[in-house]
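The sequence and structure come first.

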Amino acid sequence: MTHVPADELESLALDELSRDRAAQVEAHAAACPQCAHELSWLRAERTLLTRRPLAQTAHLWAGIAARLRHPRRRPHRAWRISVGAAVAAAAAAVLVATVRTRPEPAAPQTPQATRQQRQRSAIDPKALAALDRAEADYRDAAKVLEAEYARLRPRLDPEMARRWDETLTRARAQLGESRAVAADDVNVRMRVLDGYAGYLRSLRDVVQESEEANP
Amino acid sequence: MRIASLQGEVPSARDRHSDEELLSRACAGDAEAFRVIFDRQAPGVRRFLGDLLRDDAAADEGTQETFVRAHQRLPTIEEPGKLQGWLFGIARMVSFEHLRRKRRDALPAAPVDEPVQVDRAPSPEALLLSAESDRVLDGALAHLAEERRAALLMRIDHGLGYGEIASAMGWPLQKVKNEIHRARLQLRVSLAGYLDEGAR
């Protein structure tokens, strides 16, 4: 038996065929188990995907309208300097930590060697100090941005402010999780710095959007 | 000829305008026409972004970014009849930029297995009746690489034609067909695996 081409079966499942052609393909599928099986999968996939409820989107318009009224600007605000300094300090700390904990040349991996390597990845005091400084700089930059957001927030559309509060809460929670597992281990401490970087990025975006909504 | 604004029209009257007409009005500066375009297209764009980004807040922000960019590029649209595909092309860029930024901070993604043919796949009807079908589908979609997932969703969930998907993805037509075929096989392997488990 000649089967119906796959793209025609797909078009039938997506209701794209003309009525006459759809009837012909249906008739073929009724007599052809292989095409019927393929058609049942195509229809199931479409049903599974399209029957999912759509998310509400009306609340997103306010943010779009605000951005259309006030196109993106790049003001030179004081907080940009704080963020830039924190990022530079973090980059330097990561460099120090990476250089000072660089692994020894590869050696046969016995359990004892693995234990020793793990001990070597414990933080060198200078790398630890650099990481502490970078973390402190990130904290300072976050404080500046949080204060800036607190200043702008009362003038924002309440729905927009609520969404941005949620964004920041989520970023803070992620940062909290990474800090909770931090110890004197370079890799874990660098993940904490990544967490700070993510939190600062969220804060920066929120402040920038707030400024654009309230020039 | 001056185009009258949609400002002041009742909602049911706005529904009568075609996409082409709305685009023409929006290009002429009618803010209300662009609002109607948003009302019509945003739910689909939001779902597409939700499926690509798998993060509700990011999908909301991506939807806003998509429509802001669309507004800036209104005069560049070449085929007003293919508004949905054009918007999905912008949304796809927005999502990939977001994922690229996110990936810089994350561990490298696990390689995605190439699909294999499901020779004796069970019948899918049981999936439609399962209370877990949404969760199973979500997991199956998560296994697809982002671009492949985007192409499949444009075709099956949003009903775009292969030509529109090719424009939105910036791919040759044959690549669109291959990627959607592979995505579908991969999706089926995951869904069939769930049905097999249920049959045991």
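## Helix α7(B) and its setting

In chain B, helix α7 spans residues 133–142, and its residues Leu137(B), Ala140(B) and Leu141(B) are buried. Buried means that 20 or more other C-beta atoms lie within 10 Å of the residue's own; exposed means 12 or fewer, partly exposed in between, with C-beta atoms placed from the backbone. The buried residues of α7(B) line one face of the helix, because they fall within an arc of 100° seen down its axis. That arc is taken over the directions from the helix axis to the C-beta atoms. Arg135(B) and Ala142(B) are exposed, on the face of α7(B) turned away from its buried side.

This is a predicted model: local features need pLDDT of at least 70, side-chain atom pairs count only at pLDDT 80 or more, and totals for chains, interfaces and linings use all residues. Residues are numbered from 1 along each chain as its sequence is written, while chains are lettered from A and ligands numbered from 1 in the order in which they are written.

Chain B has 10 helices and 0 strands. Helices (H or I, at least four residues) and strands (E, at least two) are DSSP runs, numbered from the N terminus. Of the 200 residues in chain B, 37% are buried.

Now the interface. 27 residues of chain A are in contact with 29 residues of chain B. Contact means C-beta atoms, placed from the backbone, within 7 Å. These elements of chain A give two or more residues to the side that touches chain B:

| Element | Residues |
|---|---|
| α3(A) | 33–50 |
| α4(A) | 61–69 |
| α8(A) | 158–180 |
| α9(A) | 186–213 |

The largest share, 9 residues, comes from α3(A).

How values were computed:
Two residues are in contact if their C-beta atoms, placed from the backbone, lie within 7 Å.
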